[in-house]
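Morning, everyone. Please have the sequence and the 3D view open while I talk.

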Amino acid sequence: MRNLLVKIAYDGSRYHGWQVQENALSVQSVFQQALEKILCESVELKGCSRTDTGVHAREYAISFKTTRTIPAQSLVFALNRFLPGDIAAKSCKEVPEEFHARYSCRGKEYVYEIWNDPIRNAFLENRALFHRYPLDTEKMNRAAAYFLGCHDFSTFCTGDKRDPNHMERTVFRSEVSHEGKIVRFTVAADGFLYNMVRIMVGTLLEVSRGRFQPEEIPAMIEQKNRKAAGPTAPACGLYLNRVFYEGGEDVWMKKEI
């Protein structure tokens, strides 16, 4: 029995997230169908995260066990033959038997992209949030810095069914940048709560508007009250950008603390 780790990228516009759902198209169901055509056996997939409807991934990790001997690189080519155009296999490698795409994960990095211009970009429909009014990225970046460190992020989540006494997460990177008309919020942490990044973005947009000041973020976190933060930004601009496991990637994370 081999344990394989496959990394994929996908445009989540037409999918109801990663996880299989009744009466809804998911990335997992499409990927599983393609994989089982190749392997001619049923496999149990372990995904690194449960992405929401409409969320994209530049790097999503999947692990599964198989008795087949197909070489890892050949599996990548075969997957890309059977997967639709909006999902692509990027890499595949054998991992230890105990490896689990979700539970072995040390952290993730998300990027939220905003098209900041009075005229919408037809090529970024469902791939970036359209925001027609000027954004104060310097002010937003100052606010984003307050997310760094270990905090209880209850204020920045909705409907999370996890133990309310275990809502602490450690954020290693949190910054706002811009490249031309694209504004990006990049955040990396050892884990994320439900809608955490999208609420962070909604709050940063309110900071730019002047509803909140950057220095109010710490008090917002301390309240542990969802109503204290800004709205939840739409899913269209959110990308799972990187997934971190033991090895060289952890060096990057430590540098960001």
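**Loops, helices and a core**

Let's start with S154, which sits in the loop between β7 (149-152) and β8. Helices and strands here are DSSP runs numbered from the N terminus: helices are H or I with at least four residues, strands are E with at least two. A word on where this comes from: the model is predicted, local features need pLDDT of at least 70, side-chain atom pairs count only at pLDDT 80 or more, and totals for chains, interfaces and linings use all residues. Residues are numbered from 1 along each chain as its sequence is written, and side-chain values use heavy atoms, with hydrogens and water left out.

Is S154 buried or exposed? Buried, with a relative accessible area of 15%. The cut-offs are these: buried is under 20% relative accessible area, exposed is over 50%, and partly exposed is in between, using a 1.4 Å probe and protein chains only. S154 touches M167, L193, K224 and R226, leaving out residues up to four places away in sequence. Touching, or contact, means heavy atoms within 4.5 Å.

Next loop. G54 is found between β2 (46-47) and β3 (56-66). G54 is buried too, at 13% relative accessible area. Its contacts are G12, Y15, A235 and C236, again not counting residues up to four places away in sequence. Now look across to A128. A128 and G54 are 74 residues apart along the chain, and their C-alpha atoms are separated by 11 Å.

Compare T69, in the loop between β3 and α2. T69 is exposed, with a relative accessible area of 71%. From T69 to V30 is 39 residues in sequence and 22 Å in space, C-alpha to C-alpha.

Most residues other than glycine have a negative phi. C40 is not a glycine, yet its phi is positive, about 55 degrees. C40 lies in the loop between α1 and β2. N195 is also a residue other than glycine with a positive phi, near 65 degrees. Its place is the loop between β9 and α4. Which of the two is buried? C40 is exposed, with a relative accessible area of 62%, while N195 counts as buried at 12%.

On to the helices. Two packed helices are described by the angle between their axes and the distance between the axes. Take α1 (residues 27-39) and α2 (residues 72-82): they pack at about 120 degrees, with axes 9 Å apart. The axes are lines fitted to C-alpha atoms, for helices over the stretch in contact, and the angles run from 0 to 180 degrees between N-to-C directions. That angle makes α1 oblique to α2. For the scale, under 35 degrees is roughly parallel, over 145 roughly antiparallel, 65 to 115 roughly perpendicular, and the rest oblique. Who makes the contact? From α1, F31, A34, L35, K37 and I38; from α2, L75, A78, L79 and F82.

In α2, the residues A72, L75, V76, A78 and L79 are buried. Their cover includes β1 (2-10), α1, β3 and β4 (87-95).

The second pair is α3 and α4. They pack at about 135 degrees, with axes 9 Å apart. So α3 and α4 are oblique to each other. The contact uses K139, M140, A143 and A144 of α3 and L204, L205, V207 and S208 of α4.

Stay with α3 (residues 137-144). Buried there are T137, K139, M140, A143 and A144. Why do they lie on the same side of α3? Because they cover an arc of only 160 degrees around the axis. The arc is that of the directions from the helix axis to the C-beta atoms. Among the elements covering these buried residues are β8 (168-179), β9 (182-189), α4 (196-209) and α5 (217-223).

In soluble globular proteins, nonpolar side chains tend to be buried together. Here, the largest nonpolar core has 78 residues, and those with the most contacts inside it are I8, F64, L79, F147, F156 and F185. The largest share of this core, eight residues, comes from α4. Such a core is a set of buried Ala, Val, Leu, Ile, Met, Phe, Trp, Tyr and Cys residues joined through side-chain atoms within 4.5 Å. Pick out F147 to finish. Leaving aside neighbours within four places in sequence, F147 is in contact with F153, F156, V171, S174, F185, M200, L204, I217 and I221.
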